Amino acid sequence: MSTKALLPEPFKGANISNRRHRPKALFGLLALCFVSLTCTLYWHGYSSSAWSHSQSIPLDAREILMRCAALKARPGPPSNFLEKRSESDRFEEGTPATIIRNATIWTGEKNGTEIIYGDILLDKGIVQAIGEVQRTPVHEHHTIDARGAWVTPGLIDFHSHVGIYSLPTLRGTLNLNSNKGPILPWLRTIDAFDTHDDSIQLVMAGGVTSMQVLPGNLNAIAGQAFMMKLRKTAERSPTSMIIEPPEDINGSYSDSSDHPRWRYLKQAAGESVSLFGNRMDIMWTYRQAYQRASKIKAAQDAYCAKAEAGLWNSIVDSFPEGYQYEALVDVLRGRVKVSQDVHETVDIDAIVRLSNEFQFHVDSIHQAAEAWLVPDVLNRMWGGPPAVALFSDYYRYKRESYRGSVHAPRILADHNFTVILKTDHPVFNGRYLLYEAQEAYHYGLPLELALASVTTAPAAVAGLSHRLGALRPGMDADVVLWDSHPLRLGATPAAVWVDGIVQPLGTEIGVLVGKGKESPEWRESPKVPDWKQERQEALKWEGLPPLEIDRVSEAVVFTNVSAVLIRGAEGIEYMFRSSAADHTKGDVIVHGGKITCAGVSNACNPLVPNRARLVDLEGGMLAPAFISFGSNLGLQEIAYEPSTGDGLPFDAFAQDVPEILKDPGGIVQAVDALEFQTRNALIAYRAGVTAATSPPSPFFIEPTFIGLSTTFRTNAPHALAEGAVIQRISALHCAIRRPNVLALLKGHTQFPSVSTRIAVLRRLLLAEADERAGETAMWFARAAEGALPLIIDVGSADVMAALLKLKEEVEQKRGTRMRLVFAGAAEAHLLAKEIGRAKVGVILTPLRPFPETWDDRRILPGPPISNDTALVTLLENNVLVGIGTADAALAAQTRLDLAWATAESNGRVSPEKAIGLATVNLERLLGIDQALQEGDMVAWAHGSPLDMQSSVVGVVSSAQGWVDLL
Ligand SMILES: *[C@@H]1O[C@H](CO)[C@@H](O)[C@H](O)[C@H]1NC(C)=O
Ligand SMILES: *[C@@H]1O[C@H](CO)[C@@H](O)[C@H](O)[C@H]1NC(C)=O
Ligand SMILES: *[C@@H]1O[C@H](CO)[C@@H](O)[C@H](O)[C@H]1NC(C)=O
Ligand SMILES: *[C@@H]1O[C@H](CO)[C@@H](O)[C@H](O)[C@H]1NC(C)=O
């Protein structure tokens, strides 16, 4: 760090010689006292003892003293930042002003409780006025009539890898982690930030305007992070996207303000760092690193103490440097905001010890699956408790996240910790940052804290609350206008401004946003269930509450029922619905798991049996239970722990299938590997997902080329229990995808080409069934005959086109009709018409598209980027569509996905249609409609499955003849 710019006026041109000359030296020292208050303390020292010996003052004494003074400066905004601010340092010349009139503005002020109904004026890159804005700028400006719609500050994703894990993933753009060692404080994400990352625009379309770009979690100290805006600048460089860049980012000062800028560092502990040793090794590498940094700091401090005391004779060396470790020295000086990845108690405790041993503050802990269980440990963090940055509901995928809880945000908030929600993009699509806050709100995080968790809280923890996270005059003009209340599922930005510049969210002109959300309730905050009891249970059982159910064989009467939805010939239809005028809701009588009566106001009364359980649904409804498709649900307890699941199957392409299988294809049946009572399955059951179809595909590697899926009940005790396996073999699966970059980087080199895969498929589908050709040939022959669905995991529309041709070829040659389904299918919308005409089904996995790989890059993102979504386009082309999830830990979120599908469809997907996507449509696509003719029903309290207010109270199983009450 250069000190020149810090030189105060009285010094400029001062002449300090190195000759031993008392009066001059005295002048020098007096003058130096302008630099820092500490000097006055030393002054007394000089006058008494030290001064009695004459000192040789080096030529660079001023520089040294300036540098020493600079070490003590606290980071922060320039003093009087807001008072002085009439124009942003990020203002782009020529940007017109904007007045948004008649908005409902959540300002983030007053602890998130302030709502202003009125106007907001954005000019010169900052918020100029808020409330009733009379004055209009004289220069060019736009006026937007918000018609009462919600406005919030731009969202901040405090944990993002945008730019350094660029999409679509290609070998050249993966810069998430270095593997050069566990301690790498000298690395900087800004040095790798790809401005052409497809995510940038996509994430901004979710209302996210700023982010912390962190390196990944494979190193104990992974490198320096940066707070950046997502807006592309006129300069187009990564540097210009940094918010308040540290002065030395380019080796020189950008201004001569009185405070240095905050710096950011990423650390990680626990399993993710195992490349470099076990937990003991990792903590030792931390301690070594901080010990080394402490020594440099101590040497600097001693050096400066001597310099400041004027003891120049005892200074022989140059200033103690440690270029590699300077970032850690700055951590010890309290000038770096540390983000610490850490999941479970053992690691949280270790990091808290580390912070106390070396006396530095960890500002935020991330992932933090067990933080909610150890508030006292967090409170022992040196320098005060850290903020906690969480997912709303992504746990159990690792052993160390096994005890995570959806109730964590609320429990942490109750303990007064700052709660931040984040996406860890691309772990979750950064576009849906607000979804994380919505889900946390659903599970009890108070409204103002839910909104704060993605605005004011990350701004404060980043040390940037003087300009980001809230709306008041002087703040950065980062503003989002929403089409609904921001905490409603599917809330979509109608417009996004960054630094006062309206952002082009798509290439299309005039995209429709918010159709179907005209009714007033969309402007209101959604009601949410009361989870008090669940919170207490979660705490009592340290994150693993027993997932028991109360099985009822006697009659059950559901009262206060607003509707009953059933599987009908045309899809999901109403069996009964109380009309809006009807204040008395209906009753539903269930005998032996079967609905014997459903009707309004006492119609069922005569049929109520003497002995019956009464369950008040408080306006809720009964609806078909969901099926989860596509993950390894029921095949593995913990995704990252191969020993908790089936293990890896042979891949006919990657290696020799053992001779003993007597099947060159090495085909396997998922049903043989089923594992019951996994926690993911039980939790899914309690979220209304009572069945799952899982292919034998291990998580996180290239999907196996072939296998046979199975459909099972998510709450069955074991495979031999009645009804546990719904359909032993549901479908034949294969994957036709281009090489997976991550697998390539992991050293998997044998990737059969797409054309090779299709060649094999062609041979298998056209071959005559012949027992001697092995199991694989037999199953493919059945698929060719249409006796079994063939589900192909495919992303690219070009590959789909080739597969449609192949289907035609097979059907012509064999005179059959295949039941072909595309799963994944990110680009299916490009061929919607052809897919519809060929009567090929599609299972969108995931529903909300993500251009993760080259195969998946041409997504149809939906509003505000495009009018249509992939779902709407496929449905309108008469494609039978289902939804899937690739991750068993997310199966329980099926209902939220469906709600999202409705909300972002511009009114074109009705709730019934949406529910069909995870029920009847999947059943037909998977050929399990016969087996599920008597499918389960779920009883929801307080509304429909798509309402954030509702929760599951029971499962009615006609096939099993019972009712499960939660
Ligand atoms: C915000 O909350 C803090 C902590 O509870 C409290 O000290 C402060 O007074 C509150 N501020 C406002 C404006 O309500
Ligand atoms: C603001 O918008 C609401 C909703 O469109 C409307 O009812 C109200 O009259 C508008 N108020 C003003 C001052 O324009
Ligand atoms: C949280 O803060 C509130 C208000 O400052 C205080 O009353 C309460 O005791 C605190 N709770 C905990 C668990 O520290
Ligand atoms: C989106 O839909 C609206 C309303 O139907 C239409 O006016 C607009 O042109 C459409 N935009 C595009 C890009 O198709």
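Me: Which residues lie nearest the centre of the second largest pocket, and how many residues line it?

Reply: A pocket is found on a 1 Å grid over the protein atoms alone, as an open set of points with protein on both sides within 12 Å along at least five of seven lines; lining residues have an atom within 4 Å of a point. Here 45 residues line the second largest pocket, and His407, Trp531, Glu534, Arg686 and Leu966 lie nearest its centre. Its volume is about 1300 Å³, where a volume is the space filled by probe spheres set on the points, with grid points joined across faces, edges and corners. The model is predicted: local features need pLDDT of at least 70, side-chain atom pairs count only at pLDDT 80 or more, and totals for chains, interfaces and linings use all residues. Residues are numbered from 1 along each chain as its sequence is written, chains are lettered from A and ligands numbered from 1 in the order in which they are written, and side-chain values use heavy atoms, with hydrogens and water left out.

Me: Which helix gives the most to the lining of the second largest pocket?

Reply: Helices (H or I, at least four residues) and strands (E, at least two) are DSSP runs, numbered from the N terminus. Helix 15 gives the most, with five residues. Among the other elements that each supply at least two residues of this lining are helix 12 (433–442), helix 16 (679–686) and strand 35.

Me: What is the strand order in the open sheet of eight strands?

Reply: Strands of a sheet pair through backbone hydrogen bonds, either parallel or antiparallel. Two strands count as paired if DSSP finds at least two bridges between them. The order is 6-7-8-9-10-11-12-13, with mixed pairing. Strand 6 (155–160) and strand 13 (419–421) each have a single partner strand, so one side of each is left without a neighbour in the sheet. Strand 6 runs parallel to strand 7 (residues 208–213), joined by four bridges; Ile156 has Ser210 as its bridge partner in strand 7.

Me: How does strand 24 pair with strand 35?

Reply: These two strands pair in the antiparallel sense over four bridges, with Pro624 opposite Met937. Strand 24 (residues 621–624) also runs parallel to strand 19 (residues 563–568), through two bridges; there Val564 stands opposite Leu622.

Me: Where is a cis peptide bond to be found?

Reply: The omega angle is the value to read. The bond joining Leu167 and Pro168 is cis, with omega about -10 degrees, and Pro168 sits in the loop between strand 6 and helix 6 (199–204). The bond from Thr845 to Pro846 is also cis, with omega near 0 degrees.

Me: Which residues surround ligand 3?

Reply: A residue is near a molecule if one of its heavy atoms lies within 4 Å of it. Ligand 3 is surrounded by Asp414, His415 and Asn416.

Terms used. On a 1 Å grid over the protein atoms alone, a cavity is a set of points where a 1.4 Å probe fits but cannot get out, and a pocket is an open set with protein on both sides within 12 Å along at least five of seven lines; lining residues have an atom within 4 Å of a point.
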